[in-house]
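Let's take a walk through this protein together, one piece at a time.

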Amino acid sequence: MGTVPRVERIDAFRWRIPRAGAMRTDGVVFASDRLMEGLRDDPALEQVANVACLPGIVGKSLAMPDVHWGYGFAIGGVAAFDAEEGVVSPGGVGYDINCGVRLLRSSLDRDAVRPRIDPILTALFEEIPTGVGSHRRDEVLTPREEREVLVRGAAWAVERGGGWASDLDAIEAGGALPGADPDALSERALERGRPQLGTVGSGNHFVEVGFVDEIFDRIAAEAFGLRLHGVTVMIHSGSRGLGYQVCDDAVKAMVKAASRYGIDLPDRQLCCAPLRSPEARRYLAAMACAANYAFANRQRMAHGVRRAFERALGTSPRDHGLHTLYDVCHNVAKFETHEVEGRSRLLCVHRKGATRAFPAGHAEVPPRYREVGQPVLIPGDMGRCSFVLAGLPGAMEETFGSTCHGAGRVMSRTAAKSAAKGRALLRELADRGVHVRSAGLATVAEEMPEAYKDVRDVVDVVHGAGLSRKVARIVPMGVIKG
C-alpha cells in the first residue's frame with residue numbers, strides 16, 4: 001500500500017479526496033466525524049483514490065460510510081464508467097458476485113415467536129445448509145438445470161415450487177440480470193455451482209429471525225408491509241463458489257487485458273478491460289450468470305425458511321405470511337441510464353458493498369413501492385440491529401442511485417478471533433436475547449458485534465446526506481450462520 005490520501009471536509013456527511021497525480025476526478029467519502037476518525041489511516045481511502053484513475057470514470061469515485069479495505073475497490077465503493085469509453089473491473093464487483101439481502105416480512109408477532117425461537121432455529125438449520133463448502137447432497141443440479149438457473153435466476157426456482165410468483169415482483173431486476181451466457185463460465189465454476197444452490201455458506205452470511213422494534217416512516221412502513229413487533233427473516237448470501245470462481249477466472253484474464261489495451265493501473269487488483277472489448281463482454285456475461293445464481297440461491301433459501309416455520313410452528317406458509325419484502329444486490333456492475341450534467345448517459349455502475357437506492361417514481365421501483373421509493377435493506381451485526389430504508393432523489397443526484405450496504409468491518413477476521421479468546425460469545429449473545437446456531441464457533445468469533453461498525457452510525461450518515469431515509473429498525477432474536 002502507498003500513502004493514504006489527504007481528505008478535506010465538505011460538510012457534516014461528506015469528505016473530499018482532492019484530485020492529484022493520475023486521478024481523473026475527486027473521491028468523495030460519505031462519513032460522520034466519528035466514522036472518519038476510524039478511516040483516516042485506512043488503506044480503503046487509497047483505494048478510492050486509485051479507482052479515480054481508471055479510464056472513462058464519470059462523476060466522482062465514491063465511498064459509502066461502511067467503507068473498508070477490499071480487493072481492488074474498497075468495499076463500500078461506487079463508481080460509474082461511460083458505456084463507450086469506460087472499463088469494467090472484476091475488483092469493482094468482488095469475489096462474491098451479487099452477495100445480497102432478502103427480507104421476508106410476516107403476519108407473526110414477536111411475542112408469539114420468541115418462545116419458539118429454538119425450534120425455529122433448529123428447523124432452519126436443518127432446511128438450509130451452512131458453513132464453508134456447504135452443499136445439498138439431495139439436490140445437486142444437473143448441467144442442464146444449472147444452465148437454466150444461470151440464465152433465468154429466481155424464476156427458475158419459483159417455477160419448480162421453490163417460492164411464490166409474487167416473490168419475483170419484489171426482487172431487484174426481477175431476479176435475473178440480462179445478458180447471461182453460461183458458455184462464458186469455466187468448467188470449474190460450473191462444477192462448484194451444481195451442489196450449492198440453496199445454501200448460506202460461511203463468513204458474514206446468515207439467516208436471521210428478528211422483529212420490527214421502531215418505525216420512523218409510517219407511510220413507507222405500511223407500503224412495505226412492516227408493523228411494530230412484526231416478525232421478519234433476513235437472508236444474506238450470494239453466489240457461493242460459482243461466483244468466486246467467475247471472479248478468479250476474470251482477474252487472471254483482465255490482468256493480461258489491461259496490459260494489452262495499454263491501461264496504466266495504480267494497483268494490479270484494479271485490472272480491467274474496455275467495456276467494448278471481448279474480455280469485458282465475456283466477464284459481464286459470466287458475472288450476470290453468477291448474479292442470477294445468487295438470486296436463485298436466495299429464492300431457494302426463502303422457500304426453506306417458509307418450510308422451517310411450517311415445521312416449527314405447525315402452520316402453513318400462507319398462514320404466517322412470510323412474503324418477500326425485497327431482495328437487493330450488493331456486489332454487481334450494471335448498465336443504467338443516469339442524468340450527468342444535464343444529459344442522460346448510459347453508464348456501467350459498479351457497486352461493491354453498496355446497495356441500489358432508487359427514489360419514488362423511478363420506473364425500476366416495483367409498482368407496489370413506487371410512491372415511497374425502493375426498499376433498501378441494511379443488515380447490522382448479529383448483536384445489535386438492522387435497518388430498512390427507502391431510496392431518495394439525492395442518491396440519483398450524487399451516487400448514481402446508491403447507498404450503504406451494511407455496518408462495515410472495523411476488525412479483520414484474524415483480529416476478531418484473537419479478541420474473542422476466552423469469551424463465551426454464544427452466552428453473551430443469548431443474554432442480549434439473540435440465539436445463535438452455527439456450523440462452527442470460529443465463524444461466531446469472526447462475526448462478533450465488535451468486529452463491525454455500529455450500523456446506526458452508518459445509517460445516520462446516509463439518512464442525513466439524503467441518499468436514503470430510515471423506515472424501520474429490526475432487532476434480531478435468532479440467527480443461523482456458517
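A crossing of two helices is called left-handed if the near helix is turned anticlockwise from the far one by less than a right angle, and right-handed if clockwise. Keep in mind that what you're looking at is a predicted model. Now find helix H4 (residues 117–127) and helix H11 (residues 278–313): their crossing is right-handed. Packed helices are described by the angle between their axes and the distance between the axes. Here the axes come within 8 Å and cross at roughly 140°. Angles over 145 degrees count as roughly antiparallel, and H4 and H11 are therefore oblique to each other.

So who's touching whom? On the H4 side, the residues include Pro119, Ile120 and Leu124, and they meet a set in H11 that includes Val305, Ala308 and Phe309. Sorted by class, this contact has nine nonpolar, one polar and four charged residues.

Next, hop over to strand E12 (residues 331–340). E12 runs antiparallel to strand E13 (residues 343–352), and ten bridges join the two.

Last stop: helix H17 (residues 455–464). Its buried residues are Val455, Asp457, Val458, Val459, Val461 and Val462. Just after H17 comes Gly466, which takes a positive phi of about 80°.

Note on methods
Residues are numbered from 1 along each chain as its sequence is written. This is a predicted model: local features need pLDDT of at least 70, side-chain atom pairs count only at pLDDT 80 or more; totals for chains, interfaces and linings use all residues. Side-chain values use heavy atoms; hydrogens and water are left out. Axes are lines fitted to C-alpha atoms, for helices over the stretch in contact, and angles run from 0 to 180 degrees between N-to-C directions. Helices (H or I, at least four residues) and strands (E, at least two) are DSSP runs, numbered from the N terminus. Angles under 35 degrees count as roughly parallel, over 145 as roughly antiparallel, 65 to 115 as roughly perpendicular and the rest as oblique. Contact means heavy atoms within 4.5 Å. Ala, Val, Leu, Ile, Met, Phe, Trp, Tyr, Cys and Pro count as nonpolar, Asp, Glu, Lys and Arg as charged, and the others, Gly among them, as polar. Buried means under 20% relative accessible area, exposed over 50%, partly exposed in between (1.4 Å probe, protein chains only). Two strands pair if DSSP finds at least two bridges between them.
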